[in-house]
Amino acid sequence: MTVQDVLDEIRKRPGTGEVIPIIDPATEGQLTEFTDCGPEAVDQAVARAKETAESGVWSGMADYERARVLWRIADLIDENADILAELESVNAGIPPAQAQIITKVGSEWFRYYAGWCTKIDGIARDVNTGGLTGIESHQHVYTLREPYGIVGLIFPWNGPVFNFCAKLAPSLAAGCSSVVKPAEETPLSALVLDRILAEAGVPEGVVNLLLGYGHTAGAAITAHPDVEKVAFTGSTEVGREIVHASASSNLNKITLELGGKSPVLIFEDADLDMAIPMASFGTFIHSGQACVCGSRIFAQRSVYDRVVEGIANMANSMQLGGPKEQGAMIGPLISQKQLNRVLGYLDQGKADGVELVTGGYRLDRKGYFVHPTVVTNVDPDSSRLFQEEIFGPVVTILPFDDDDEAVALANNSTYGLAATAWTRDLGRAHRVAKRLKAGTVGLNCQMQFDHSMPFGGYKQSGWGYESGKAGIETYLQTKIVWAQM
């Protein structure tokens, strides 16, 4: 299968809604187009998922057999790694080397959760309730961990293969049937992954791929009365809409991995030769289009000037370009809409009197490229650049004097997804980690990830956790059974 095969295939998919163009963000040229699936397709997909859930064709399969299927999916992803990475680059503008890493991480989701298929256990104990009732009564009590019948999996455009696998692997391991909707901007790799699922032995109707807009197909999934669980990754604004849709339909359960405005604290005793390049990488990677990007940096006053200069130098040295441009480290923003959003924030910052150390403008070329931007002299209480998730290559840098001020600045946010502290003082590192209001804290490291560890956010950065044991528990319900002895 080639990229052109996928472009032709998606164009032929049936639908009843609007025609949606797929744009190459590095050239602004149209790659192909497809038709929004429409509400009837959502109903049909949910019905297929419901039929498989009720028949037990997947949930009733022996757990070791489900594990073998998941392992086979991983092998097939590796066998198709080149085409998946190429689609990731073409569709999302990701540099090829980074796209290869994303694809490899995707296959490992299925290997990791293949191991969990045989380890879904409840608890059991014998209970004597005589002390409460006055009558001696013995029961054997146990719990069952059962999959949600139908889950809706909705994920964004920043790393389509990663997000597809991150949600589907634990869902399948738990025994769920699902309807899956990728972002309308980046649906191409999902077509290849859908073929892989069938080839690996996932029964027909267990996973149902839907293509369309979030406000059409996505909204229909989240409001559907037969969808019992929704797992969504995306913006906090859309997360709120999903919560409202759930409340007005069947109160389906929700897992939300939402936005971030992650702080990075650089103390005066930090290894600056490590902290400065890592903080730069951690904010500008993928043009800042990652929820965990460290977009607010705080440096202790004695090293503040060096940090600002160092990160500005890094910003100026990072080569921007499309996937086919030799040496490109950073790709474009995903769309004209996202470009307008980022430039709008920068215009507002200039009007507010912030200092642009470097960047702050669109490159004079085709493609949605914004020069990596370093901003200082920002009001942490009122500046939108400081408070709101921009999802672009923009970082604010402010000074602090002591630990208390650093923590207060870091926690001055409605978000709480990730945080980082750079210091050689291990006591300080762990004290600060306990005080930071974030779901993930890195100490002298940044952008770390492992499939075995849970990931989730505090405050408006999400509900629930993904990956690790918590990831499979997201897709399981608990039933308590009392048996009179």
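Two cavities of 30 Å³ or more are found in this predicted model, a cavity being a set of points on a 1 Å grid over the protein atoms alone where a 1.4 Å probe fits but cannot get out. Their volumes are the space filled by probe spheres set on the points, with grid points joined across faces, edges and corners. Because the model is predicted, local features need pLDDT of at least 70 and side-chain atom pairs count only at pLDDT 80 or more, while totals for chains, interfaces and linings use all residues. Residues are numbered from 1 along each chain as its sequence is written, and side-chain values use heavy atoms, with hydrogens and water left out.

**Cavities**

- The largest cavity has a volume of about 90 Å³ and is lined by 13 residues, where lining residues have an atom within 4 Å of a point; G288, S295, E389, I390 and F391 lie nearest its centre.
- By class, the lining of the largest cavity has six nonpolar, five polar and two charged residues, where Ala, Val, Leu, Ile, Met, Phe, Trp, Tyr, Cys and Pro count as nonpolar, Asp, Glu, Lys and Arg as charged, and the others, Gly among them, as polar.
- The second largest cavity holds about 70 Å³ of space, and of the 16 residues that line the second largest cavity, P263, A410, Y415, G416 and K437 are the closest to its centre.
- At least two residues of the lining of the second largest cavity come from each of α15 (403–411), β15 (415–416) and β16 (418–422), these helices (H or I, at least four residues) and strands (E, at least two) being DSSP runs numbered from the N terminus.
- The lining of the second largest cavity is made up of eight nonpolar, four polar and four charged residues.

**The second largest pocket**

- The second largest pocket has a volume of about 500 Å³, a pocket being an open set of points with protein on both sides within 12 Å along at least five of seven lines.
- Its lining takes in 23 residues, of which R13, R48, N208, L209 and L210 lie nearest the centre of the pocket.
- Two or more lining residues are given to the second largest pocket by each of β2 (30–35), α2 (39–55), α8 (188–200) and β7 (207–209), and the largest share, four residues, comes from α2.

**Domains**

- The protein chain is divided into domain 1 (3–258 + 461–484) and domain 2 (262–443), with bounds that come from an automatic or database domain assignment.
- The centres of domain 1 and domain 2, taken over C-alpha atoms, are separated by 31 Å, and the contact (heavy atoms within 4.5 Å) takes 24 residues from domain 1 and 26 residues from domain 2.

**Cysteines**

- The count of disulfides, each a pair of cysteine sulfur atoms within 2.5 Å, comes to zero.
- C176 is in no disulfide, and the nearest cysteine sulfur, that of C117, is 11 Å away; C176 is also buried, with a relative accessible area of 0%, where buried means under 20%, exposed over 50% and partly exposed in between (1.4 Å probe, protein chains only).
- The sulfur of C293 is 8.0 Å from the closest cysteine sulfur, in C291, which is too far for a bond, and C293 counts as buried at 4% relative accessibility.

**Positive phi angles**

- N444, which is not a glycine, has a positive phi of about 60°; N444 is found in the loop between β17 (440–443) and β18 (455–456) and is partly exposed, with a relative accessible area of 33%.
- K459, another residue other than glycine, has a positive phi near 50°; K459 is found in strand β19 (residues 458–459) and counts as partly exposed at 38% relative accessibility.
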